[in-house]
Amino acid sequence: PSPGLSLCLSAESTTGVVYTVECNLDTKHKRGAELPEDLGIKGAAMLLHEIQLGGCIDSSAQSLALLLMCLGPEDVSRIRVGTLS
């Protein structure tokens with residue numbers, strides 16, 4: 001079932017790196033138990049955490065980026081990741 005609310009936050013650094021996070025209301029809670037304001041706080045905390053990690057690839061996309069790099073020719077691709085997830 002759809003939780004009804006989701007959020008996508010983006011921030012751009014001064015060097016042009018775009019950080020993005022997505023989150024939605026927890027479906028385990030009873031409907032109305034979690035407020036939209038809680039979703040905003042959760043999303044902002046997730047965005048700040050991604051910025052703190054210091055990479056240019058967010059935690060949820062690291063595996064896909066590394067897989068695509070493996071499929072390409074050697075010594076062509078490089079990325080900057082924070083802590084591996």
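Predicted model: local features only at pLDDT ≥ 70, side-chain atom pairs only at ≥ 80, totals over all residues.
Trainee: How many residues does helix 1 have?

Mentor: Helices are DSSP runs of H or I with at least four residues, strands are E runs of at least two, and both are numbered from the N terminus. Helix 1 (residues 36–53) has 18 residues. From first C-alpha to last it reaches 26 Å, close to the 26 Å expected at 1.5 Å a residue; the expected span is 1.5 Å times one less than the number of residues.

Trainee: Which residues of helix 1 are buried?

Mentor: Buried means under 20% relative accessible area, exposed over 50%, and partly exposed in between (1.4 Å probe, protein chains only). In helix 1, Leu39, Gly43, Leu47 and Glu50 are buried. Seen down the axis of helix 1, these buried residues fall within an arc of 70 degrees, so they line one face of the helix; the arc is that of the directions from the helix axis to the C-beta atoms. On the other side, Glu37, Ile41, Leu48 and Gln52 are exposed.

Trainee: What covers the buried residues of helix 1?

Mentor: The cover includes strand 1 (6–12) and strand 2 (18–24).

Trainee: What is Glu50 in contact with?

Mentor: Contact means heavy atoms within 4.5 Å. Leaving aside neighbours within four places in sequence, Glu50 is in contact with Tyr19, Val21, Ile57, Asp58 and Ser59. Glu50 has a relative accessible area of 13%.

Terms used
Residues numbered from 1 in each chain as written. Heavy atoms only, no water.
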